[in-house]
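Please look over the sequence and the structure below before reading on.

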Amino acid sequence: MLLSVLSGCEILESLLPKEEHEYIMLEYDDTHHWYECDCGDKKDITAHIAGAPATETTAQVCTVCGYVLVSPLGHIHTLHLTKVNAKPQTSTTNGNIEYYICSCNKWFTDNTATIEIVDKNSVVIPKDNATEGDVLTEYPLVLEDDEMSFHFMMLGNHLAGDCVYIKAGDTDILIDAGSRTKSVSSIQSYINRYMTDDVLEYVIVTHSDQDHIDGFVRSSTQPSIFDIYECQTIIDFNRSNKDLLTDSGNPSLLSKYYSSRDEEVANGATHYTALDCYNNTNGAKRIFNLAEDMSMEILYNYYYDHKASDENDYSVCVLFKHGDKNFLFTGDLEEKGEEYLVQYNNLPQVELFKAGHHGSPTSSNDCLLSIIKPKISVACCCAGSAEYGKIHANYFPSQAYIDRISQYTDKVFVPVYINTLYSEEKDKYVNDGDYMVLNGNIMIRSLSESTDENGQKVEHRIAYVGSNNSLKLKDTDWFKKNRTTPSAWQN
């Protein structure tokens with residue numbers, strides 16, 4: 001057997017009483033604290049215990065060791081904001097959009113203080129310059145030779161759709177031909193009142209959705225716009241994600257549109273894409289002179305030459321000018337498209353903005369409205385029609401559109417409406433009865449400077465009228481029953 005041999009020191013040490021640890025130092029790191037002996041031994045290793053949350057001036061510390069878990073937060077804008085309510089402009093006073101002022105004198109677009117307003121003049125909505133926004137007492141059948149007018153038509157059904165007739169001097173323009181093929185008779189009946197011939201100098205087709213192109217395709221019972229009128233110049237969308245054949249192998253609506261358009265071209269029409277126009281290529285022009293002091297500009301849309309996930313973002317965007325007055329049409333452009341539109345174009349403030357995508361919750365966003373500051377907006381829809389989804393507030397014109405546009409104007413108009421009721425069986429709202437007239441056909445007139453019968457100068461002004469009435473949307477019974485009045489319209 002082998003015996004362990006101990007030295008004398010080792011024997012002595014083993015006989016002496018062991019020295020106890022003295023844990024007198026409270027130590028910590030980023031996550032824990034503990035007691036520690038001089039020899040380095042540790043005990044009671046415990047995670048920090050958070051005290052009261054950090055504030056602007058005090059830190060959050062561990063209640064045991066005092067370790068600073070969160071430093072003082074400093075100035076928090078959202079705790080010091082004062083809301084400035086939106087105020088529409090009048091003929092004599094400026095208005096403003098809704099915004100928020102922090103005690104540090106920074107301004108923000110909303111109560112989350114995420115977007116700072118650097119240019120404080122940008123919140124101002126200029127006054128209407130004397131007589132702008134005049135309400136006409138009669139729907140005119142005769143237009144002035146030197147005026148530009150915009151006509152938003154009833155389309156003969158309860159379905160949302162775009163079809164806008166524009167007359168600039170002797171030049172006739174049609175933007176889209178919705179909402180269905182059977183709408184063509186309504187379109188024809190209306191525009192024939194104002195056309196002096198059967199020639200549409202310009203036809204603009206914004207994108208390939210049915211509620212914009214159906215009237216350009218003939219049916220077995222109804223000729224198309226191309227059949228009825230000589231269309232001299234056709235400007236349409238560059239791209240579409242849609243198929244040219246249906247699942248059963250028949251030509252799709254898009255295919256039929258292309259065929260109808262190409263037939264019109266074969267008969268003498270000139271065709272450009274919007275990108276041709278913007279780039280001044282293939283004989284096209286970015287700016288078309290329509291009449292004296294009147295023009296039409298094809299704006300750049302990023303999705304003319306980039307793929308979009310939403311067909312609406314391919315929309316052709318057009319800016320009309322009459323003197324120093326501007327009028328904007330963006331088809332069904334959605335939020336991302338609107339952001340790009342602002343980024344790539346020097347957009348002016350406008351008298352008229354056709355509500356994007358019929359007044360949907362996904363268009364007419366602040367990124368665009370804050371730049372153009374529209375004084376009048378028309379939503380091409382049947383108010384309240386239960387076409388999309390289950391949420392009534394999202395039916396056109398949506399509550400979201402109303403809330404956003406209200407910061408800039410209360411002159412919002414809609415041609416027709418329909419009542420709805422909730423169906424327990426279908427678990428959604430359904431239309432109740434036929435559509436009814438709200439404003440009816442809506443005309444916005446840009447009237448040149450003139451001299452009245454007494455020889456007094458009359459300034460260039462904007463006037464509006466509805467064939468049924470000229471009530472602002474907020475004053476209609478439909479609105480009062482179906483939408484919530486935004487704060488800007490409660491003044």
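In this predicted model, the structure holds 28 aromatic pairs.

**Aromatic pairs**
- The rings of Tyr300 and Tyr304 have centres 6.1 Å apart and planes at 90°, and because an angle over 60 degrees counts as edge-to-face, the pair is given that name.
- Tyr300 counts as buried at 10% relative accessibility, and Tyr304 is buried as well, with a relative accessible area of 2%.
- Tyr388 and Phe396 form a tilted pair, because their planes stand at 45°, with the ring centres 5.4 Å apart.
- Tyr388 is partly exposed, with a relative accessible area of 46%, whereas Phe396 counts as buried at 6% relative accessibility.

**Cluster and charges over rings**
- One aromatic cluster is formed by Tyr278, Tyr300, Tyr302, Tyr303, Tyr304, Tyr340 and Tyr344.
- Arg286 lies over the face of Tyr278, at 3.9 Å from the ring centre, and Lys336 lies over the face of Tyr340, at 5.3 Å from the ring centre.

**Strand β21 and its neighbours**
- Strand β21, which covers residues 325-329, has five of its five residues buried, with Lys325, Phe327 and Phe329 on one side and Asn326 and Leu328 on the other.
- Strand β20 (residues 318-322) pairs with β21 in the antiparallel sense over five bridges, and Lys321 has Asn326 as its bridge partner.
- In the hairpin of these strands, two residues lie between β20 and β21, and Gly323 takes a positive phi near 60°.
- With strand β22 (residues 352-354), β21 pairs in the parallel sense over two bridges, and Leu328 stands opposite Phe353.
- Together with helix α7 (residues 335-344), β21 and β22 make a right-handed β-α-β unit.

Note on methods. Residues are numbered from 1 along each chain as its sequence is written. This is a predicted model: local features need pLDDT of at least 70, side-chain atom pairs count only at pLDDT 80 or more; totals for chains, interfaces and linings use all residues. Side-chain values use heavy atoms; hydrogens and water are left out. Buried means under 20% relative accessible area, exposed over 50%, partly exposed in between (1.4 Å probe, protein chains only). Helices (H or I, at least four residues) and strands (E, at least two) are DSSP runs, numbered from the N terminus. Two strands pair if DSSP finds at least two bridges between them. A crossover is right-handed if, with the strands pointing away from the viewer, the path from the first strand over the helix to the second runs clockwise. Rings of Phe, Tyr and Trp (its six-membered ring) pair if their centres lie within 6.5 Å; planes under 30 degrees apart count as stacked, over 60 as edge-to-face and the rest as tilted. A charge sits over a ring if NZ of Lys or CZ of Arg is within 6 Å of the ring centre and within 35 degrees of the ring normal.
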